[in-house]
Amino acid sequence: MKTILITGANRGIGLELTRQYAAEDWRVFACCRIPEKAAELNDLARQSGAEISIHRLTVDEHDQIDALARELDGEKIDILFNNAGISGPRPQSFGPIDISGWMRTFRVNSVAPFKMAHAFLEHVERSDRRIIAVMGTLMGSLADNRSGGSYAYRSSKAAAHMVVRSLAADLRERGIIAVVLHPGWVQTDLGGPNALISPEESVRGLRKVLDSITLQDSGGFFGYDGREMPW
Ligand SMILES: NC(=O)c1ccc[n+]([C@@H]2O[C@H](COP(=O)([O-])OP(=O)(O)OC[C@H]3O[C@@H](n4cnc5c(N)ncnc54)[C@H](OP(=O)(O)O)[C@@H]3O)[C@@H](O)[C@H]2O)c1
């Protein structure tokens, strides 16, 4: 049985990732900040039996990451999916920005994926697929940014992309594939109601990408439709 760990699994894309992987008979370590309040995730776990286990994890709390890695000691993780993310403080256009909110955005979006990769390295190495996926975004693309603004979100995601490039180089010898994924513009709390695609469509595409990638793709940046994205 293949195994995936998903952060931010209680709503949005993370909840849909949990739903679709569990439906494909994967074992899912579904992580969220407040399990007691994760009603939809708890319902899903109850319906699908033993395949989904729910774990408390605030990704910018490094002690919690270490504690979960210890709790899952000996387990294998085929895909470590760093999905949790925040858009950051408001407003973020050129002008006064809440700087401590910006720093928190960095801790959640850029530093946490590194810390997760480090803490769960052995679990990933023990698996067959050996994938570390980080949810990036086209908003974090240097090449694509012609409209400006979103300083905290864009810069934190660009940093996350760079973290993945280094992970790909550093972990290649261990057979680990590190990739950045862009989920599309998705109808979630973060994406908003005007977004173009549903979480179902996004996750169907992301799963296809994750199914097909090999070590040769490590260090790549892929859209949910399989296209390579500009850095
Ligand atoms: N939606 C889009 O159009 C879009 C486009 C490009 C990239 N993305 C990326 O896709 C990922 C998922 O986004 P989404 O649209 O599903 O957003 P969402 O609906 O706002 O969900 C965000 C998830 O991240 C969790 N989270 C936030 N801060 C956390 C922390 N410190 N520790 C642990 N979990 C935390 C949230 O948990 P709580 O419920 O506890 O807050 C929630 O489960 C993000 O990385 C986002 O940047 C989304």
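How many helices and strands are there in the chain? Seven helices and seven strands. Helices here are DSSP runs of H or I with at least four residues, strands are runs of E with at least two, and both are numbered from the N terminus.

Hello everyone, and a word on what we are looking at. This is a predicted model, so local features need pLDDT of at least 70, side-chain atom pairs count only at pLDDT 80 or more, and totals for chains, interfaces and linings use all residues. Residues are numbered from 1 along each chain as its sequence is written.

Let's begin with the overall picture. Reading from the N terminus, the elements go β-α-β-α-β-α-β-α-α-β-α-β-α-β. The C-alpha trace spans about 50 × 40 × 35 Å along its principal axes.

Now to the inside. Of the 231 residues, 43% count as buried. Buried means that 20 or more other C-beta atoms, placed from the backbone, lie within 10 Å of the residue's own; exposed means 12 or fewer, and partly exposed is in between. The largest nonpolar core has 61 residues, and Ala30, Leu80 and Ile132 have the most contacts inside it. Such a core is a set of buried Ala, Val, Leu, Ile, Met, Phe, Trp, Tyr and Cys residues joined through C-beta atoms within 7 Å.

Take Ala30 as an example. Beyond its neighbours within four places in sequence, Ala30 is in contact with residues including Ile6, Thr18, Leu41, Ala45 and Ile54. Contact means C-beta atoms, placed from the backbone, within 7 Å of each other.

Two of those partners take us to helix α2. In α2, residues 39–47, the buried residues are Leu41, Leu44 and Ala45. Seen down the axis of α2, they fall within an arc of 100 degrees, so they line one face of the helix. The arc is that of the directions from the helix axis to the C-beta atoms. On the other side of α2, Ala39, Asp43, Arg46 and Gln47 are exposed. The cover over the buried residues includes α1, β2 (27–32) and β3 (52–56).

Which residues come nearest to the ligand? Of the 28 around it, those are Gly8, Gly12, Gly85, Thr188 and Gly191. A residue is near when its C-beta atom, placed from the backbone, lies within 6 Å. Helix α1 (residues 12–23) gives the largest share of this shell, three residues.

Finally, some backbone details. Most residues other than glycine have a negative phi, and most peptide bonds are trans. The peptide bond from Arg90 to Pro91 is cis, with omega near -5 degrees, and Pro91 sits in the loop between β4 (79–82) and α4 (99–119).

Is Arg130 buried or exposed? Arg130 counts as buried, with 21 C-beta neighbours inside 10 Å. Its phi is positive, near 55 degrees, and its place is the loop between α5 (121–125) and β5 (131–135). Ser150, in the loop between β5 and α6, has a positive phi near 45 degrees. Ser150 counts as partly exposed, with 19 C-beta neighbours inside 10 Å.

Key:
Two residues are in contact if their C-beta atoms, placed from the backbone, lie within 7 Å.
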